[in-house]
Structure formats: structure tokens, C-alpha cells
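The exercises below are meant to be worked with the model open beside the text. Try each task before reading its solution.

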Amino acid sequence: MLDPVADLFGVRADVFPAAARVNDPTGATIAVALPLPPGRERPCEVVTPPLTQDHARVLERLLAPARELGFTVPQEAAVHLHVDAAPYRRPTAFANLVRLFTHWREPLWAALGTNPACRRLAPLPDALVALVAEPWPQGDDAWSGLAEAARATGLTKYADVNLVQLVATRPVRDTVEVRILPGEIDGRSIVRRAALVERLLLRCLDPAPLPRPGSDAARDPRAALEDLAALAVR
């Protein structure tokens, strides 16, 4: 199966007892074939490097060929958006993150079109919501105490937003991971949804506590979130 890929790069596939791999001439791995555990069955996952500009154009360079080849969006697909964790290592910003993905959960799902078939989404732990409601002092010392307490609340990556690396003592990847964007194969659609999430995350950096949604959020979730995002710090 991997031989045609190896031929394309002018190399040979490496075959192991339970796997096979193709590395390009520089040693970078291009493709791997190996058994996967239950719950990991999927034909393809696209992981981009950090993007700072021309997001739609960069995504389309990857997704347009996939569409032309007949790729489709899997039933349980999602787009995961990673952003730099560092700005959220402050008690006020962290508390607003928790408020956003807890109190605004239903409007977010409605406005973003979250895929209801995704099985690895969940609300943040009640203990974490209660934790950020407590009065926390500001400063680096306060953050270390809050992060330690947050780690004991039962946080898991399989939530609407993955805050595990944010509070880790030694993060593997230093990001906040938003997991509720639906699976997409069109770069512009991904960027439109991600842009709203970005503005909401910027609002979380404002020290003012995020308000709870009003009745308008049920009538028009997108408009309510846009109003919330309009208060973002610059």
C-alpha cells in the first residue's frame, strides 16, 4: 500500500513486524501504516503547523486536493482549534475561559454547528466551575495555586475545551484546544467559525467577568455571541 508513496519520493518503505513507514529523503515521516486501538479508526487527520496569516489560503492548499480526490467529512468529525495558552495563565482569564465554555455552552454549540455525533465532548467539571467562582488574588503566585487546584478537579482533554495543558506543570503542547468546531473540508468555512471563537477568546482576556447569556442567546445564539465578542480587548 505504501510503495506508491515511497516511489513518489524516490525512497523505499521501511517494514517492521507490526507497522510500515515511508520517510522522505530528509528523514521526515510521510506516511505510516499500523494497527490502531478502538476509537481511533479514521482515514485521515490533517494537522497544520501554527498559522499566523492567510489561514484560509493555507487550509485550502491542503483541503482542495482532498475534495478533488473525493474525500468526505466523517460522521464523527470535528475541527480542533489550538491557541497559545500563555495569555490564559492568569486567574481572571482562566475563569473567563471556564465561564465561556460552561455558561455559554448551548449558544456556542448552536452558533458553531457543533457535530452532535462527536463522542469526546463534555462540559467542564462542576468542581472547576465552582473553583473559578472563588475570589482568587492576581499575580504569578496566584496562578500556580489556581492551576494546582484545577488539576484536582477531574479535568480531561475530552471536553468542549481542553484545558489540561494550560494547567499542567510541564505541558506537552502549550495550547488551549477548542474542540467544538464541526468537521469541515472547506477552509473558508473553518476560518469563519474559528474567527468567532478567536474573538470570544480575546474577550476572555478582559479582566471583567464574562456575563451569563440572556434570553436573546436562545433566540439568536450567533448574534448574542457576536455581541459578547464585540467587547474583546485589543
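**Exercise 1: a sheet and the helix on it**

Strands β4 and β6 pair in the antiparallel sense over six bridges, where helices (H or I, at least four residues) and strands (E, at least two) are DSSP runs numbered from the N terminus, and two strands pair if DSSP finds at least two bridges between them. This is a predicted model, in which local features need pLDDT of at least 70 and side-chain atom pairs count only at pLDDT 80 or more, while totals for chains, interfaces and linings use all residues. Residues are numbered from 1 along each chain as its sequence is written, and side-chain values use heavy atoms, with hydrogens and water left out.

*Task.* Work out which strands are the edge strands of the sheet, and which helix packs on the sheet.

*Solution.* Begin with the strand order, which is β4-β6-β5 in an open sheet of three strands with antiparallel pairing. The edge strands are β4 (78–84) and β5 (161–162), each of which pairs on one side only. The helix that packs on this sheet is α8, which touches β4 and β6, and its direction makes about 135° with that of β6; such angles run from 0 to 180 degrees between N-to-C directions, the axes being lines fitted to C-alpha atoms, for helices over the stretch in contact.

**Exercise 2: the surroundings of Thr175**

*Task.* Decide whether Thr175 is buried or exposed, and find the side chain with which its own side chain makes a polar contact.

*Solution.* Thr175 is found in strand β6, which spans residues 175–182. Thr175 counts as buried because its relative accessibility is 16%, buried meaning under 20% relative accessible area, exposed over 50% and partly exposed in between (1.4 Å probe, protein chains only). The next step is the polar contact, which joins the side chains of Thr175 and His82 at 2.8 Å. A polar contact is a pair of N or O atoms within 3.5 Å; within protein, one must be able to donate a hydrogen and the other to accept it, and residues adjacent in sequence count only if both atoms are side-chain atoms. Finally, leaving aside neighbours within four places in sequence, the residues in contact with Thr175 are His82, Val83, Ala85, Asn162, Gln165 and Leu166, contact meaning heavy atoms within 4.5 Å.

**Exercise 3: α10 and the α3–α8 crossing**

*Task.* Find which residues of α10 are buried, and state at roughly what angle the axes of α3 and α8 cross.

*Solution.* Pro221, Ala224, Leu225, Leu228 and Ala229 are the buried residues of α10. Their arc around the axis is only 135°, which puts them on the same side of α10. Among the elements that cover these residues are α3, α4, α8 and α9. Turning to the crossing, the axes of α3 and α8 come within 8 Å and cross at roughly 135°. That makes α3 oblique to α8, because angles under 35 degrees count as roughly parallel, over 145 as roughly antiparallel, 65 to 115 as roughly perpendicular and the rest as oblique. At this crossing, Thr92, Ala93, Asn96, Leu97, Leu100 and Phe101 in α3 meet Leu200, Leu201, Arg203 and Cys204 in α8.

**Exercise 4: Asp54 and His55**

*Task.* Determine where Asp54 lies, and which backbone oxygen the side chain of His55 reaches.

*Solution.* Asp54 lies in the loop between β3 and α2 (55–68). Its phi is near 50°, a positive value in a residue other than glycine. Asp54 counts as partly exposed because its relative accessibility is 42%. His55 is found in helix α2, and the side chain of His55 reaches the backbone oxygen of Leu51 at 3.3 Å.

Notes: Arc of directions from axis to C-beta.
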